[in-house]
Amino acid sequence: MGRAARQQEAFLAARAGLYREHAPSPVLEAHFCCLWSHDIHDGANQRIAIVPDGYCDIVWVGGRLLVAGPDRSSAFPSLSGGEKVVGARFAPGAAAEWLKVQLRDIVGQSIPLDDFWGAAALQLNELLGGCANSDERLSLITTALEKEAAKRTAPARDMASVFSRAGDISSSGNAADLMLHDLSIGARQLRRRCHTHFGYGPMTLARIRRFQRMLSLCRSRKLLPLAELAVAAGYCDQAHMTRDAREISTLTPMQLQQQIAG
């Protein structure tokens, strides 16, 4: 990223339009966390930051179906004013089997879905292009994914457990040791499985989920002083939180607080 781009303040995606999540159907709930839509505001284009959350999504944007791989740091997609984006977010541990790929191979990438599913993805993409609105597209995507789900086995629960535990790990804990607490596997196998299902190792996963915990606290009704926010989120101190936030999102905790509050 160029120096000029870094100097331009990014805006969290939620500030750029109307974002809504929808619960998956019973057929999909073992495989997907949610389906979602994001209607980008009309007007001048902004530098929009999609901050990492540890997930992998199927996204329809700009008339194309893509797989958005997991990120280590914020992505800054080129989104036009008035863009209508829809997507389906894989449940932790589900994406690798559906895509037949290790997520470590698609970190930080947006790849056409037809690279994974061939003609079926191209056909679905064409049908989505003919829909009148986001609700129609979500309904069509749901139907298509339900047909695929009939061919899939539910993902093993161990990676869901790892993902959940990663959100509770503070900076003082050893991420791998704490994730292994409920699993009957060794540290090397945990690392391999994390790379397969999340794209990176347990330390990076814990770091990203701690950042997301900080964002969740920023969304709470009580606005915490930054020092208290750092402790509540599991950072060593405010400086640690600030450094992590800047590296992950390019924004400071104060900027994140202000954007979320606004």
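**Figure 1. In which strand is I111 found?** I111 sits in strand β8, which covers residues 110-112. Helices and strands here are DSSP runs (helices are H or I with at least four residues, strands are E with at least two), numbered from the N terminus. Before going further, a note on what you're looking at: this is a predicted model, in which local features need pLDDT of at least 70, side-chain atom pairs count only at pLDDT 80 or more, and totals for chains, interfaces and linings use all residues. Residues are numbered from 1 along each chain as its sequence is written, and side-chain values use heavy atoms, with hydrogens and water left out. Back to the view: I111 counts as buried because its relative accessibility is 14%. Buried means under 20% relative accessible area, exposed means over 50%, and partly exposed is in between (1.4 Å probe, protein chains only). Leaving aside residues up to four places away in sequence, I111 touches L65, L66, V67, I106 and F116. A contact means heavy atoms within 4.5 Å.

Figure 2. How do you find a pocket? On a 1 Å grid over the protein atoms alone, a pocket is an open set of points with protein on both sides within 12 Å along at least five of seven lines, while a cavity is a set where a 1.4 Å probe fits but cannot get out; lining residues have an atom within 4 Å of a point. Grid points are joined across faces, edges and corners, and a volume is the space filled by probe spheres set on the points. Elements that each supply at least two lining residues include the strands β2 (17-22), β3 (32-40) and β7 (84-90), plus the helix α12 (253-261). Helix α9 (202-219) gives the most, with six residues. By class, the lining has 21 nonpolar, 10 polar and nine charged residues. Nonpolar takes in Ala, Val, Leu, Ile, Met, Phe, Trp, Tyr, Cys and Pro; charged takes in Asp, Glu, Lys and Arg; the others, Gly among them, are polar.

**Figure 3. The second largest pocket has a volume of about 250 Å³.** Thirteen residues line it, and A120, L124, A144, K147 and E148 lie nearest its centre. Two or more lining residues come from each of α4 (119-129) and α5 (134-149). Which element gives the largest share of this lining? That's α5, with six residues. The lining divides into eight nonpolar, two polar and three charged residues.

**Figure 4. The count comes to one cavity of 30 Å³ or more.** The largest cavity has a volume of about 50 Å³. Among the residues that line it are Y55, C56, F90, P92, L103, H197 and F198. Its lining has eight nonpolar, three polar and no charged residues.

**Figure 5. Look along helix α10 (residues 226-233), where L226, L229, A230 and A233 are buried.** These residues sit on the same side of α10, because they cover an arc of only 100° around the axis. The arc is that of the directions from the helix axis to the C-beta atoms. An α-helix has 3.6 residues a turn, so residues three or four places apart point the same way. The cover over the buried residues of α10 includes α9, α11 (238-249) and α12. After α10 comes G234, whose phi is positive, near 105°.

**Figure 6. Here are K100 and T250, non-glycine residues with a positive phi.** K100 has a phi of about 55° and lies in the loop between α2 (95-99) and β8. T250 has a phi of about 75° and is found in the loop between α11 and α12. Are they buried or exposed? K100 is exposed, with a relative accessible area of 61%, whereas T250 counts as buried at 17%.

**Figure 7. How confident is the predictor?** pLDDT is its confidence in each residue, from 0 to 100. The chain averages 90, and 91% of the residues score at least 70. Over residues 1-6, though, pLDDT stays under 50, and the model has six contacts beyond four places in sequence for this stretch.

Definitions and conventions. pLDDT = per-residue confidence, 0-100.
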